[in-house]
Amino acid sequence: MNNKDLNVAMQNVSINNECCLKTTKTTAMSPNGCCSSAAAAAAGGACCQQRTASSQTTSTSSSPSPSCCNAKSSNATSPCCNVSLPPNGATANGHCHCRSQDETDKSAVPMAFASAAEGVASLMSHKTTNTPPTAAPPFASASVAEKRKMVHELCQQLILTDEQINELTYRILHEIKRGLAKDTHAKANVKCFVTYVQDLPNGNERGKFLALDLGGTNFRVLLIHLKEEHDFQMESRIYAIPQHIMLGSGTQLFDHIAECLANFMNEHNVYKERLPLGFTFSFPLTQLGLTKGLLVTWTKGFNCAGVVNEDVVQLLKDAIARRGDVQIDVCAILNDTTGTLMSCAWKNHSCKIGLIVGTGSNACYVERVEEAEMFDGASNGKPHVLINTEWGAFGDNGALDFVRTEFDEEVDRHSINPGKQVFEKMISGMYMGELVRLAIVKMVKAGVLFKGQDSDVLMTRGQFFTKYVSEIEADEPGVYTNCHLVLEELGLNNATDEDCANVRYICECVSKRAAHLVSCGIACLINKMNEPHVTVGVDGSVYRFHPKFHNLMVEKISQLVKPGITFDLMLSEDGSGRGAALVAAVACREDNVPKKH
């Protein structure tokens, strides 16, 4: 079996569909037990080798379900299996191809494989459960080199080729243009919403401003005092958003926000002041003005009823009015990407792109007004407007299917919004750890990792946190201190250094792919803007804390931008917080306040 066959066979091992060693209340192997499809394919349709048991035991399990084995023999009495695999390596009809086996086989001597490739095919007929096996999984005794090869073959599907990268960049640009154009905006996945922000900070912003930041599992309230020469004072507090509020009603959510805001103002002695406020609302918005935005869809685990297609600024104002104890002027609503751009532009005037790689992923950029066909405010003479791409939805129409993996499909299937935010699910911190976990689980079930021993925590969806990926990759080459600590947290106390090396390789493949996907999008925006130099303001926990993400992005973007264009990535200092205040400050700036006649 060559490497391609090995990879196909490995991909056929479904994480959630148990390939079955069905036991029967019998003392001998059924003469018509079918072999695994992968093994049959590897052997070119050769006859299955049937093993007979040397001892007799009794099982209490039922007979094999007819749906278990989909292999069809050309002769009903022949032990030979004529099995073909679908072109993509998937099993037919969602079932595994397997054979029945009785309890006596559990006491048989483990089969020896001449190579890892032969072993992969046999894996297809091995039962995978969350309970401790009575016999070692097929690769538990494989050599270190064979196990490493197995992991590398599995992860091959996570590595993007140069051809795929170029195709991705082209497709992203195509979708951005569709989002900008009036005729295609409604059908575009990358919506490219107009933000109505047309001015960047110029350093003349002064005064006290409030900011609200809602965009993840926490919610922040901030008080920012802008002073001379880029000097500012900022106070903030983080408030948790309970799960029942994230999934409750819109009224509950905005009442919670208003309560946090009122408490914060009281604590910081501005309870009686009337202050301008910038509201960072990091979900897809159709903005109808600087202070009016309709929620398009919830993302990032939120699903509050009664908010989609409603003006979230008005919902906030209504919640504040229901309390009746604070006075606030909402000057702007913005996305966290816009806030990131504004925060960086306050210090660096060449910043024209904002990027978030955290719980979610999104980007905004400065576009020429004539390119933004959905913008209805072009008559004011200002040449540019900020565009919120909402690129997390790229691929919802199938444009990413050619690079999606079995793990991406599994994550999507069990998400709160299946089929939505496909690009984001391949990148962001909300899903990165789960992608790694799924790959690890597959290798555990094969016996490649931890000698096939799992743990309750590892087998629980969502329990391999994205922070683990950053911690594991922070170890120096050949050192696995962090990896051992992470695995111990997962209840895996007997991992070897070889296990750790393989786990780290899986982490590296997932995180590098995320960095390369983001780089495709950023290079696309830089090339579209076609300016000599662009600074990209970046925020988000993945970019901020992953030890290699910055360098991976710089390397890949450099390969993709047009000759002669230079760029740099600038870590944002609290973009979603300070940036919101800056949008409000720019809106209140004297040159932007309409003169009274």
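This is a predicted model: local features need pLDDT of at least 70, side-chain atom pairs count only at pLDDT 80 or more; totals for chains, interfaces and linings use all residues.
**Cavities, helix pairs and a sheet**

Trainee: What makes up the lining of the second largest cavity?

Mentor: Its lining consists of Phe-193, Val-194, Thr-195, Leu-285, Gln-287, Asn-335, Thr-338 and Asn-388, and strand E1 (193-194) and strand E6 (285-289) each contribute at least two of the lining residues. By class the lining has three nonpolar, five polar and no charged residues.

Trainee: How many cavities are there of 30 Å³ or more, and which residues lie nearest the centre of the largest cavity?

Mentor: The count comes to four cavities of 30 Å³ or more. The largest cavity has a volume of about 90 Å³, and of the 15 residues that line it, Ser-282, Lys-300, Asn-362, Glu-390 and Glu-424 lie nearest its centre. That lining divides into three nonpolar, eight polar and four charged residues.

Trainee: Why are H10 and H19 called roughly perpendicular to each other?

Mentor: The axes of helix H10 (residues 336-347) and helix H19 (residues 575-588) come within 7 Å and cross at roughly 75°. Angles of 65 to 115 degrees count as roughly perpendicular, and therefore H10 and H19 are described as roughly perpendicular to each other. Residues making this contact include Thr-338, Met-342 and Trp-346 of H10 and Arg-578, Leu-582 and Val-586 of H19, and by class the contact has six nonpolar, seven polar and three charged residues.

Trainee: And why are H14 and H15 called roughly antiparallel to each other?

Mentor: Helix H14 (residues 466-474) and helix H15 (residues 481-489) pack at an angle of about 150°, with their axes 7 Å apart. Angles over 145 degrees count as roughly antiparallel, and H14 and H15 are therefore roughly antiparallel to each other. In this contact Tyr-468, Glu-471, Ile-472 and Ala-474 of H14 meet Asn-482, Cys-483, Val-486 and Glu-489 of H15, a set of five nonpolar, one polar and two charged residues.

Trainee: Turning to the sheet, what makes E4 and E8 stand at the edges?

Mentor: The open sheet has five strands in the order E4-E3-E2-E5-E8, with mixed pairing. Strand E4 (232-240) and strand E8 (328-334) each have a single partner strand, so one side of each is left without a neighbour in the sheet.

Trainee: In which sense do strand E2 and strand E5 pair?

Mentor: Strand E2 (residues 207-214) and strand E5 (residues 275-281) pair in the parallel sense, over five bridges, and Leu-212 stands opposite Phe-279 in E5.

Note on methods: Residues are numbered from 1 along each chain as its sequence is written. Side-chain values use heavy atoms; hydrogens and water are left out. Axes are lines fitted to C-alpha atoms, for helices over the stretch in contact, and angles run from 0 to 180 degrees between N-to-C directions. Helices (H or I, at least four residues) and strands (E, at least two) are DSSP runs, numbered from the N terminus. Angles under 35 degrees count as roughly parallel, over 145 as roughly antiparallel, 65 to 115 as roughly perpendicular and the rest as oblique. Contact means heavy atoms within 4.5 Å. Ala, Val, Leu, Ile, Met, Phe, Trp, Tyr, Cys and Pro count as nonpolar, Asp, Glu, Lys and Arg as charged, and the others, Gly among them, as polar. Two strands pair if DSSP finds at least two bridges between them. On a 1 Å grid over the protein atoms alone, a cavity is a set of points where a 1.4 Å probe fits but cannot get out, and a pocket is an open set with protein on both sides within 12 Å along at least five of seven lines; lining residues have an atom within 4 Å of a point. Grid points are joined across faces, edges and corners, and a volume is the space filled by probe spheres set on the points.
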